[in-house]
Amino acid sequence: MILTYVRRNFRRRKVRTILMILALIVGVGTLVALNATVDSYRRFYAGTVAGEVGDFDLVLTRPDTAPNPFMVPREIIPLVEAVPGVRSAAPRLHAVVSVRTGVSERDGEAALVALDPAVDTAGTLEIVDDGSQQADEEGDSAEGDGAQGDGAEAGDEAAPGAARSRFGRSSDEEIPVDMEALLGEVDGVPGAVVLQQTADVLGVAPGDVIEIQYAPPQTRLPGQAPSASAARRRTTARWRVRAVATQRGVTGESGNEGILVSLASAGERFGVPGLAERIVLDYDPALYDARDPQKSAFAAREVTLLVRESLGAEDVEFRMPRPRAVMDGANAFIFFQSLISMYGLLSLSVVGMLIRTMILTNVQEQTRDMAVLRILGASRRFLFNTVAAEVAAIGAIGIGLGIVVGQWVNNKIIVRFIAQRAGDMIADVPLVTMSGVLLAVAVGGLVLAISAWAPARKAANTKVTHAINPGVADGLGLDDLAKMRERRTDLRISRSGLVVLTYPLLIFFAFPLAFDFGVLWVLAALFFGALLALIVGAALLFFVIILPFERLLLRVQAITAPRAGYFVRRTVLRGKGRNTLISLMIVMSATLPSFLSTTLALEVANTENDRRLDGGAPLRVTAPVSLQQTSAGPPQPVEQRNFKPEVLAELRADAGLGPTVALAAPFRTQASDGVGLRDASVRVTATDGQLRGLLYDEAIEIIEGGEAALTRVLDEPGAAIIGAGLADHFGASVGKTLRLEGGGLDHDEDVLVVGIAKRLGGVGTFTAKKTAVWGGDSTVLLGMATYRRLINDPVTGPPDPNTPIVRTLLATPSEAIDEEGEAELTRDLRLRYGTQHGLNIDSTAESIATVREEARTGQMFLLILTALTSALAVFGVFAVIYVSIYGRRAEIGMLKAMGAPGRHLLKVFVGEAMVMTLAATLTGVSAGVLLGYMLRVSEGFQNEVPTAFAVDRIVVPAMLALMILASLISATVATHGYRRRRAVEILRTL
């Protein structure tokens, strides 16, 4: 009986049924594609991490206390490759070597990576120059041409820079490069691939011969530091440069510094044949398919534990670069998952509102039929099940077809788009998974159940009097009086109490559980809930401004099309309930994309200023504390973790550098007012040069003491500059004194406050925030002489002026160096000082470029998400406007009877649709843009940085264009049949 009723309903309302099924197809297909996008982003994130830390999961090395620092690959690799989860293992030599070029005076040091190209699958190598475009002018053409081998042939097929090698994992779009030929021997001379930055610094090109001096790893006795005077045997060998390349994930570093050679040739020439300094392992990428990054990292750790068990050796050290990086970035990935879920929820909410509206329309039209069924003995449950069965049938068809459509869209369009834009950062983009399909089915079914509940209850509550006397059916009846006799449970008050308790529950339970205990699923739920509340709350809050937008558009339409505007105005202003539903759907659909796109545009626009304020100077060179301190040995003295005086002098004398300022190592101590009222933990540093002129102008903000404070702290003993927050904590001002605890017992130093700063970028934490004071992060800036006196223990005598105390060097390029030259200078400094002395060299320009590249990556996924949800929003507008027009058949028939032509009806309904959709879209865009600015201003206020104005030029215009197009299409298609029919035919359908 129920199935027959549902089948006949489908036949009677074909267009409406098709619209609901199409809405479900688009909604479920969108959810399937969104779930697949999460998987793609997971692989993209793992690929991005691989480019920074290495395209391998585990690195096996010998500890420096082992008798033999080398490993025997033929003994270890078969054992580890037999472990489940290990995809491949490859031996390597990795060391810092001295390089002599013979073609320039730029001899120096570089990182050497000796690998076996036949088995090494880590990372991507892109050949920039293989020498195929130049002739060998030195007469060694035979040797040079032979060295090029297959690499030259690859270069003939595409322009230089187009050839890539994934060491046996080339994609169809990539031109394979025979690395064995490039690194093989020709006439007794092996080949080498020099990475771009090293080639630029050393001035070498394909065809040049380089000499490499190699010293084996130094060992030490347990419990003892390595001997500084121990002689290290060095071996020299020659290689011919066959190509210059860039890498991603090959060396384990983010830059393009180093030299790649064959492991066989390196072992033979360095006297370590058949040995390796390390073995890198690549795991099954399916380990990273978990939605929880921590779970993925733990899965990789389980494989590593099996590797350790299979080796059964204690003299092996383990390092897991990629799993650790994936786990460290869990918060960012969880936020992206919450964002995806938010898109999916909004998309299916649109579908749910659409189906609910259409089913309610069906129930209203069938009220008399259902009342007759009640008279004939049908129970309320029967009527409820009838509506539920109709929705279930629609859901079965729509969800099934939606899964197919979502798979096709993802596999044929999204996957190809991501693979093209992501390049080498995703080795293989995953297709739709079964878990994603099941999630889409479950969520789609839940949305259908919620959407069908109200219409089914309305059908079940149909009164018998609707069939007898519809005029009095809506008044009080016996059923209504029966409800008034008993007091029933009312959950509305309890729901109100739950809403009131939401905030304290989050403060006292959810936040501690998520942040203190690190429960990631609670953290993800908080992200999702906060984002959902933000978007829905903003849409509801800004919904009030839709009326001014509607009146503005109505006025414009009254001027451009007065006759049609007359009818549009009355219809739009009168249809409160119906128009509210349409408008609210559009507002919520437009708020999230405009919010995210505005946030992204603001991030890009403010990147340069934020990084300049944070870095302070164009270049920042830091002594590597973590690299110089070994965990096995005793703690190093502070002076051994700072710049060596000769290295600092050599660096400051570099011709490529302009003015420089040295900063002392932060000295953790206590500051007090000297009378026991207040104290605070602070970090004391010192400067030996004038900061004004070296730091960016905007990186200096002194609120008391003026610019003279920067000079006084250098010239006056005991002068100090403190932060605004610390000054407020002590109630101090310029001219007041603070007491600092110095090195040794009973050693205190009084310092005079000569300046109060709100910002000294790159020098330390100078801020007005009290949290920096409470957390002990506030900085006190002194002169070098005062600093030496503070950290010195008076018992040992006066301060030693030769004790190394400099930890950081701020520098600017010389005036003769432009932006491109600054990048080359950074690479040169890293090669000469980063490789040889382990210095960390940070460039503000590079950090700006990195943030902008990440923003472009985010824009790629944002475009995909917006395209998917916009398609559904456009379809939703079409479907809801169709229902709206269907419910106004009487009005259409009367207009036709009075002689209104079809084109007039088209203008009226197109104008009505455009007013409603554009007003709602502008409201959603306004809400999203203001939310984006509120977030940026709040972040800027928290970090004490200004906000630059920015407007999204892609997503917001695209949304407006899509909504205009949707209005035109929906009104044209929905009115097509009525414009062709006569008034009598239309009125007979009522």
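The protein chain has 32 helices and 23 strands. What you see is a predicted model. Of the 990 residues in the protein chain, buried residues make up 49%. Of the contacts in the protein chain with a separation of 6 or more, 80% are between residues 24 or more positions apart.

I will start with the strands, then move to the helices.

Strand S1 covers residues 58-61. Leu58 and Leu60 point one way from this strand, Val59 and Thr61 point the other way, and all are buried. S1 has antiparallel pairings to report. Four bridges join it to strand S11, residues 278-283, and the two run antiparallel. Within that pairing, Leu58 has Leu281 of S11 as its bridge partner. S1 is also joined to strand S12, residues 317-319, by three bridges, again antiparallel. There, Leu60 stands opposite Phe318.

Next is a residue in a loop. Thr101 sits between strand S2, 86-100, and strand S3, 108-115. Is Thr101 buried or exposed? Its relative accessible area is 3%, so Thr101 is buried. Leaving out residues up to four places away in sequence, Thr101 touches Asp107, Leu202, Val204, Val209 and Ile210.

Now strand S7, residues 189-195. How many of its seven residues are buried? Seven of the seven are, so S7 is largely enclosed by the rest of the structure. Both faces are covered.

Which strands does S7 pair with? Strand S6, residues 185-186, is joined to S7 by two bridges, and the pair runs antiparallel. Glu185 has Pro190 of S7 as its bridge partner. S6 and S7 form a hairpin with two residues between the strands, and in that hairpin Asp187 takes a positive phi near 55°.

With strand S9, residues 235-248, S7 pairs in the parallel sense, over five bridges. The bridge partner of Gly191 in S9 is Arg240. With strand S10, residues 259-262, S7 is antiparallel and the join is three bridges.

Two packed helices are described by the angle between their axes and the distance between the axes. I have two such pairs, and helix H30, residues 902-943, takes part in the H18 pair and in the H31 pair.

Take H18 first, residues 546-560. Its axis and that of H30 come within 9 Å and cross at roughly 140°. H18 and H30 are therefore oblique to each other. H18 passes H30 in a right-handed crossing. From H18, the contact is made by Ile546, Phe549, Glu550, Leu553, Leu554 and Gln557. From H30, it is made by Gly911, Met914, Val915, Leu918, Ala919, Ala920, Leu922, Thr923 and Ser926. By class, that contact has ten nonpolar, four polar and one charged residues.

The second pair is H30 with H31. These helices pack at an angle of about 150°, with their axes 8 Å apart. H30 and H31 are therefore roughly antiparallel to each other. The cut-off here is over 145 degrees for roughly antiparallel. This crossing, H30 past H31, is right-handed. On the H30 side, the contact includes Gly902, Leu905, Leu906, Phe909, Val910 and Ala913. On the H31 side, the residues include Val956, Met959, Leu960, Met963, Ile964 and Arg979. The class count is 16 nonpolar, six polar and one charged residues.

Met914, Leu918 and Leu922 of H30 are among the residues in contact with H18. Met914, Leu918 and Leu922 are also among those in contact with H31.

I will finish with Tyr978, which lies in helix H31, residues 955-980. At 10% relative accessibility, Tyr978 counts as buried, the limit for buried being under 20%. What does Tyr978 touch, not counting residues up to four places away in sequence? The list is Ile885, Tyr886, Arg889, Ile892, Lys896 and Ile986. As for Ile892, it is 86 residues from Tyr978 along the chain, and their C-alpha atoms are separated by 7.6 Å.

Conventions. Residues are numbered from 1 along each chain as its sequence is written. This is a predicted model: local features need pLDDT of at least 70, side-chain atom pairs count only at pLDDT 80 or more; totals for chains, interfaces and linings use all residues. Side-chain values use heavy atoms; hydrogens and water are left out. Axes are lines fitted to C-alpha atoms, for helices over the stretch in contact, and angles run from 0 to 180 degrees between N-to-C directions. Angles under 35 degrees count as roughly parallel, over 145 as roughly antiparallel, 65 to 115 as roughly perpendicular and the rest as oblique. A crossing is left-handed if the near helix is turned anticlockwise from the far one by less than a right angle, and right-handed if clockwise. Contact means heavy atoms within 4.5 Å. Ala, Val, Leu, Ile, Met, Phe, Trp, Tyr, Cys and Pro count as nonpolar, Asp, Glu, Lys and Arg as charged, and the others, Gly among them, as polar. Buried means under 20% relative accessible area, exposed over 50%, partly exposed in between (1.4 Å probe, protein chains only). Two strands pair if DSSP finds at least two bridges between them.
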